[in-house]
Amino acid sequence: MYTCAHCTVRACRDGQLDQLPQNCPMRLHPEILDTPLPEYALPENHEFYVACSEIEAEGYGQWPRIREIVELCHTMGYRKLGLAFCSGLQAEARIAADIFRKNGLEVISVMCKVGHTAKSDVGIQKQVRGPGVRETMCNPILQAKLLNEAHTDLNVAFGLCVGHDSLFYRYSDALVTTLVAKDRALAHNPIGALHCAGGYMKPRLFPYAEEST
Ligand code: SF4
């Protein structure tokens with residue numbers, strides 16, 4: 001199957017199309033070469049895709065991600081922004097909401113603990129504070145449903161847990177972009193683990209290495 005992550009040719013980017021690796025998706029599916037998928041022409045995708053791609057070029061290397069979101073909203077004419085955030089990052093979410101608001105956007109923000117439902121009520125047994133302590137579950141499906149009810153134009157995932165973000169994406173009616181990827185061990189900078197994968201992080205990264213080799 002495909003192994004682009006280990007490709008050294010990178011012909012899709014640099015154009016050496018006579019050197020495609022044997023398992024290159026473009027070799028196995030020559031019909032995709034130099035041909036945009038029809039989905040990019042769909043009304044729900046075309047303007048959005050062109051807009052975010054041009055924002056990439058316009059602010060390349062200069063605009064932080066939050067600025068790019070602001071620019072995307074203005075380019076698309078979006079006015080109502082959903083902010084689904086983690087309770088552990090409320091202070092940062094408030095700063096983000098203020099930045100969005102000062103840039104003319106209406107922000108509907110919903111914290112992950114909305115609903116005040118106990119983890120035990122959905123069958124969660126392992127808890128942060130141990131068994132027998134009431135902990136409130138994260139509620140990404142409800143976050144999505146509340147933002148759907150508000151008819152947001154675009155939703156921002158802000159520090160949602162791994163997998164909770166997946167459910168939020170699944171249940172959100174509006175398209176979702178991620179502003180913050182949660183990583184409690186690395187100040188929400190998950191790529192740090194990869195930068196240090198051969199060194200300081202190595203002892204923490206391979207819990208199943210023996211099983212897979
Ligand atoms: S698409 Fe082909 S050329 Fe591009 S990275 Fe993947 S294997 Fe390499």
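Predicted model: local features only at pLDDT ≥ 70, side-chain atom pairs only at ≥ 80, totals over all residues.
1. Two strands count as paired if DSSP finds at least two bridges between them. By that criterion E3 and E4 pair, in the parallel sense, over four bridges.

2. Strand E3 is mostly covered, with five of its five residues buried. Leu154, Val156 and Phe158 point one way from the strand, while Asn155 and Ala157 point the other way. In a regular strand the side chains alternate between the two faces of the sheet. Both sets in E3 are buried.

3. The largest nonpolar core has 26 residues. Those with the most contacts inside this core are Leu81, Leu83, Ala84, Phe85, Val156, Ala157 and Phe158. Two or more residues come from each of helix H4 (65-76), strand E1 (80-85), helix H5 (90-102), helix H6 (140-149), strand E3 (154-158) and strand E4 (176-180). As a general remark, nonpolar side chains in soluble globular proteins tend to be buried together.

4. Leaving aside residues up to four places away in sequence, Val156 touches Ile69, Leu81, Gly82, Leu83, Ala84, Thr177 and Leu179.

5. The domain assignment gives domain 1 (1-35) and domain 2 (66-182). Taken over C-alpha atoms, the centres of domain 1 and domain 2 are separated by 37 Å.

6. The ligand is surrounded by Cys4, Cys7, Val9, Arg10, Ala11, Cys12, Leu20, Pro21, Cys24, Pro25 and Met26. By class, this shell has ten nonpolar residues, no polar ones and one charged residue. Helix H1 (11-14) and helix H2 (25-28) each supply at least two residues of the shell.

7. Asn23 lies in the loop between H1 and H2. Is Asn23 buried or exposed? Asn23 counts as exposed because 12 other C-beta atoms lie within 10 Å, and the cut-off for exposed is 12 or fewer. Not counting residues up to four places away in sequence, Asn23 touches Met1, Tyr2, Thr3 and Leu28. Asn23 and Ala181 are 158 residues apart in sequence and, C-alpha to C-alpha, 31 Å apart in space.

Technical notes:
Residues numbered from 1 in each chain as written. Near = placed C-beta within 6 Å. Nonpolar A, V, L, I, M, F, W, Y, C, P; charged D, E, K, R; others polar. Core = buried A, V, L, I, M, F, W, Y, C linked by C-beta atoms within 7 Å. Buried ≥ 20, exposed ≤ 12 C-beta atoms within 10 Å, placed from the backbone. Contact = placed C-beta atoms within 7 Å. Domains from an automatic or database assignment.
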